[in-house]
Amino acid sequence: MRTPLFLFAVFFFLAPARSGFLEEKCYKLKGRCVESCQINEELVGLCRKSLKCCVTLQACWKSKENA
């Protein structure tokens, strides 16, 4: 009885962490492929499986190019 409970606990807690590592990247590895972009993200292209390539927007004063 302990083994099934242990396996359930392991898979239950690893499922959210696993999705972050296996997430498909796009746009020079700066974007991510998702079903819909969030408010602070911009649609820059399309991915496979009808997903959208979204890149997080940066404020003008936090831009790396100006530094």
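**Figure 1. Close-up of Cys47 and its disulfide partner, Cys33.** Cys47 has a relative accessibility of 14% and counts as buried. In this predicted model, Cys47 is bonded to Cys33, with 2.1 Å between the two sulfur atoms. The torsion about the S-S bond is about -75°, so the link of Cys33 and Cys47 is left-handed. Cys33 also counts as buried, because its relative accessibility of 8% falls under 20%.

**Figure 2. Close-up of the disulfide that joins Cys37 to Cys54.** The S to S distance of this pair is 1.8 Å. With -80° about the S-S bond, the link of Cys37 and Cys54 is left-handed. The bond connects distant parts of the chain, 17 residues apart: Cys37 belongs to the loop between strand 2 and strand 3, and Cys54 to strand 4. Cys37 is partly exposed, at a relative accessible area of 26%, whereas Cys54 is buried at 2% relative accessibility. The cut-offs explain the two labels: Cys54 is under 20%, while Cys37 lies between 20% and 50%.

**Figure 3. Close-up of the disulfide formed by Cys26 and Cys53.** The sulfur atoms of Cys26 and Cys53 are 1.9 Å apart. The link has 95° about the S-S bond and is right-handed. Cys26 is part of strand 1 and Cys53 is part of strand 4, so the pair ties together parts that are 27 residues apart in sequence. Both ends are buried: Cys26 has a relative accessible area of 14%, and Cys53 has a relative accessibility of 4%.

**Figure 4. View of the disulfide set.** The structure holds 3 disulfides. When the bonded cysteines are numbered in sequence order, they pair as 1-5, 2-4, 3-6. Strand 4 carries Cys53, which is bonded to Cys26 of strand 1, and also Cys54, which is bonded to Cys37 in the loop between strand 2 and strand 3.

Figure 5. The 4 strands form an open sheet with antiparallel pairing, in the order 1-2-4-3. Strand 1 (25-26) and strand 3 (41-46) are the edge strands, and each pairs on one side only. Strand 2 (residues 31-34) and strand 4 (residues 52-56) are joined over 3 bridges in the antiparallel sense. Within this pairing, Arg32 has Cys54 of strand 4 as its bridge partner. Cys54 also takes part in the disulfide with Cys37.

**Figure 6. View of the whole chain, for orientation.** The protein contains 1 helix and 4 strands, and from the N terminus these elements run α-β-β-β-β. Of its 67 residues, 15% count as buried. Among the buried residues are Cys26, Cys33, Cys47, Cys53 and Cys54. The accessible surface of the protein is about 6,400 Å², and carbon and sulfur atoms make up 62% of it. Among contacts with a separation of 6 or more, 12% are between residues 24 or more positions apart.

Conventions. Residues are numbered from 1 along each chain as its sequence is written. This is a predicted model: local features need pLDDT of at least 70, side-chain atom pairs count only at pLDDT 80 or more; totals for chains, interfaces and linings use all residues. Side-chain values use heavy atoms; hydrogens and water are left out. Buried means under 20% relative accessible area, exposed over 50%, partly exposed in between (1.4 Å probe, protein chains only). Contact means heavy atoms within 4.5 Å. Accessible areas come from the Shrake-Rupley method with a 1.4 Å probe; for residues, only the protein chains shown count as cover. Two strands pair if DSSP finds at least two bridges between them. A disulfide is a pair of cysteine sulfur atoms within 2.5 Å.
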